Amino acid sequence: MTDAAVAGDTLDNAKSMSLIVTKGTLDWGYPPFILATTAAAMGLNVSMFFTFYGLNLLHKKLDLGVSMLGNPGMKMPMMGMHLGMPNMLGMIPGVDGVATGMMKKLIDKKGIASIEELREAAVDSEVTMIACQMTMNLFEYELDDLIEGPELGGAATYIETALKSDINLFI
Amino acid sequence: MADQTLDAQGLNCPLPVLKAKKALGNVPTGGILEVLATDPGTVKDFAAFCRHTGNELLESNEDGGVYSFLIKRTA
C-alpha cells in the first residue's frame, strides 16, 4: 500500500494546497514548511512556489538568520519574562546575530524541528517545489545552487497550480 | 494492545503528526498505533488528522501532562 493510501486519500480525489513562499529568514521559514509537511502527511498534494527571498530556503547550505528590523512584535523569553526587541536595536551591528543565536538555542532546547529537517520531510513526502525563474535571474542563481528537486517556473505555472488547489496561501 | 507505540514526548508541532503518519505506515490495516506526546496542541491536531485521513481516533487521554492517543489504521 502506498503512503497516499495510508493517509486515506487516493491520489485522484486528494485535496491540494499551494503556497507562495516569499521570505527567507529563520523565523519566516517555518510556517511554509510546517504547513506543507503537515498537509502532505494528511494526504494533500502540496506545491510550494519559492520567489524572492523565499528562494533562500532552497539553497543547498542553509544559513538563515532572524532580523528584528520590520519585526516589531518580536519578543524573546529571557530570565523568566518576555523581552521586547526594539527595531532600533536591530540597526546596531551584531545584534541580529545575537538574536539569531538566541532563536537557534530556543529551537534546539524545545524539540522544534530544524528548517533542514522540515525541508527534508517535504522532499520525502513528494511536495512539488517550484523555484521562480525570474528571481533566479534577478539574484543570479543556478539550479545547481539549490537542493535537488525544485523545478523552474513562473507566474503562469503558479496560477495554473492555484486554480486547481483547494487551499492557496501567500507567506 | 497497540501494535506499535510512538514516543513523541518533548516534540513540538508539526513533528508528532509527521512521525505518527510515518509510523502508521508500519502498522497493518486495522492495527493500532499508540502515540505519546507532551505538546498540548496534539489533542486538537490528532483529532483533525484522523478526521481528514479517515483513520480512527479510538482514544485521546491526558495523564500528568502526557497525552496519549490510540489511532486505528482504517485507511
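This is a predicted model: local features need pLDDT of at least 70, side-chain atom pairs count only at pLDDT 80 or more; totals for chains, interfaces and linings use all residues.
Across which strands of chain B does H1(B) lie? Residues are numbered from 1 along each chain as its sequence is written, with chains lettered from A and ligands numbered from 1 in the order in which they are written.

H1(B) lies across S1, S2 and S4 of chain B and runs at about 160 degrees to S1(B); helices (H or I, at least four residues) and strands (E, at least two) are DSSP runs numbered from the N terminus. H2(B) packs on the sheet as well, touching S2, S3 and S4 of chain B, and its direction makes about 175 degrees with that of S3(B). Such angles run from 0 to 180 degrees between N-to-C directions of lines fitted to C-alpha atoms, for helices over the stretch in contact. The sheet itself is open, with four strands in the order S1-S2-S4-S3 (chain B) and mixed pairing, where pairing requires at least two DSSP bridges between two strands. Strands S1 (4-8) and S3 (56-63) of chain B stand at the edges with a single partner strand each, so one side of each is left without a neighbour in the sheet. S2 (residues 32-37) and S4 (residues 66-72) of chain B pair in the antiparallel sense over six bridges; B:Leu36 has B:Ser68 in S4(B) as its bridge partner.

The contact between the chains takes 17 residues from chain B and 15 residues from chain A, residues being in contact if their C-beta atoms, placed from the backbone, lie within 7 Å. On the side of chain B that touches chain A, the largest share, five residues, comes from H1(B).

Buried residues have 20 or more other C-beta atoms within 10 Å of their own, exposed ones 12 or fewer, and partly exposed ones a number in between.

A:Tyr53, in the loop between strands S2 (45-50) and S3 (75-78) of chain A, counts as partly exposed because it has 16 C-beta neighbours inside 10 Å.

Key:
Two residues are in contact if their C-beta atoms, placed from the backbone, lie within 7 Å.
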